[in-house]
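I opened this notebook to record what I looked up in the structure, entry by entry. The entries cover strand pairing, the contact between the chains, salt bridges and confidence.

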Amino acid sequence: MSSKMPSSNNVTQARRTVQQLKIEASIERIKVSKASADLMHYCGEHAKYDPLLMGIPASENPFKDKKPCAIL
Amino acid sequence: MGEMEELRKEADNLKDQITEARKVVQDTTLQEAVAGTTLVGRVQLKTRKTLRGHLAKIYAMHWGTDTKLCVSASQDGKLIVWDTLTTNKVNAIPLKSSWVMTCAYAPSGNMVACGGLDNMCSIYNLKGKDGNVKVMRELAAHTGYLSCCRFLSDSEIITSSGDCTCILWDIETGTEKTIFAGHLGDCMSLAVSPDFKMFISGACDFTAKLWDIREATCRQTFSGHESDINAIGFFPNGNAVITGSDDATCKLYDLRADQELITYQDSGIMCGVTSLAPSLSGRLLLAGYDDFNVNIWDMLKAERVGVLAGHDNRVSCIGVSSDGMACCTGSWDSFLKIWN
């Protein structure tokens, strides 16, 4: 872990750190149960539109090379 | 040194407060919450295209929003814009400095940007009048290497640097609008939220920070990693953040619960994560590793459900197109591969 902050003004730096921590301490937090439920819900709602998850039929895959058929 | 001691105590108290507040809302874990969810079936993606043309290690790639074009940067000193469907090179842009570490495609498709050990972010106009791609701006102010850059629009770009800061630039004037300072180590990666109001940065101080772009403040800091964070991205709904680290793990942090929800790790994986991208729904996490592979994780269940093995060297960058149709990997083996 490298620290590249100038060490000349330690007090100013310490004051800034405290100020920043006050901001971070004051935020509103939701419950992990709600956070988890929302993530699961989002995944569930969007799963059917997720090509990498659902697989892509060859006919709808723009990246799949269409091989020509030869009638022998 | 009375004041220093007081400030140190106050900082420690605040850190304890934050730890406590996070515990208070931890009424369950994501692991418990998804206990009844079925694991995603095995994901097997195939290489559909190989983009050949770079002559040295590829360090970065970024999809255009049109979902067919992408830009890649290599230490052969070139930025190449590719048509991923045809594998044609739309543009091959020679760079002043070959030590490039990042590249980005503007949402409009009009510009690309790159930077690296030159400490600058160079903006290129792809739609110049005479058809030639020229440097439009050179954004210089960072005192360390440019590790990542992302456009907000044709007039604003955010950069992250080895000088421990991130900067919001006005491309028109070529000047710094906002400097985001706070990390105690090199900033390695950044990602912009889906609503463009926030961005997150991952750094060598092992933390990820959430920044409010307009308020110019750091809102939250996330710890837990035991080494440098090399890669960072938003979960598609913007409410969670995924990080990838040299500690061989990826982590999911929820922004509203302000804490880590789960870690993606496996005793068999002992090398660093270089890059990551979620699939369109967020259910899959694709992560590139130093061992030349991409592991695909079920993001909710935190289990590996697939591997992309196809590169002959480190996977340095990965991206999923905005319509979710394909994943692109870039490698030190000088190739990009398109998978789906």
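Entry 1, a strand pair. I began in a predicted model with B:L286, which stands opposite B:I296 in β24(B). Strand β23 (residues 284–289) of chain B and strand β24 (residues 293–298) of chain B run antiparallel and are joined by 5 bridges. I took two strands as paired if DSSP finds at least two bridges between them. Helices (H or I, at least four residues) and strands (E, at least two) are DSSP runs, numbered from the N terminus.

I noted the conventions here: residues are numbered from 1 along each chain as its sequence is written, and chains are lettered from A and ligands numbered from 1 in the order in which they are written. In this predicted model local features need pLDDT of at least 70, side-chain atom pairs count only at pLDDT 80 or more, and totals for chains, interfaces and linings use all residues, while side-chain values use heavy atoms, with hydrogens and water left out.

Entry 2, the sheet around that pair. I found an open sheet of 4 strands in chain B, in the order β22-β23-β24-β25, with antiparallel pairing. Its edge strands are β22 (273–278) and β25 (303–309) of chain B, each of which pairs on one side only. Neighbouring strands of this sheet are turned by 25 degrees against each other on average, direction ignored. For such angles, axes are lines fitted to C-alpha atoms (for helices over the stretch in contact), and the angles run from 0 to 180 degrees between N-to-C directions.

I read the order β1-β28-β27-β26 in chain B for an open sheet of 4 strands with antiparallel pairing. B:C317 stands opposite B:G330 in β27(B).

I counted as contact any heavy atoms within 4.5 Å; chain B contributes 71 residues and chain A 45 residues. The area buried between chain B and chain A is about 4,800 Å², with 69% of it from carbon and sulfur atoms. Buried area is the accessible area (1.4 Å probe) that two parts lose on being put together, summed over both.

I used the rule of a side-chain nitrogen of Lys or Arg within 4 Å of a carboxyl oxygen of Asp or Glu. I looked up the salt bridge in which the side chains of A:R15 and B:E3 meet (3.0 Å, N to O). Within chain A, the side chains of A:K34 and A:D38 meet in a salt bridge (2.8 Å, N to O). A:K34 and A:D38 are about one helical turn apart, because they lie 4 residues apart in helix α2 of chain A.

I recorded pLDDT, the predictor's confidence in each residue, from 0 to 100. Chain B averages 97, and 100% of its residues score at least 70. Chain A has a mean of 87, with 81% of its residues at 70 or more. The model scores ipTM 0.94 and pTM 0.94.
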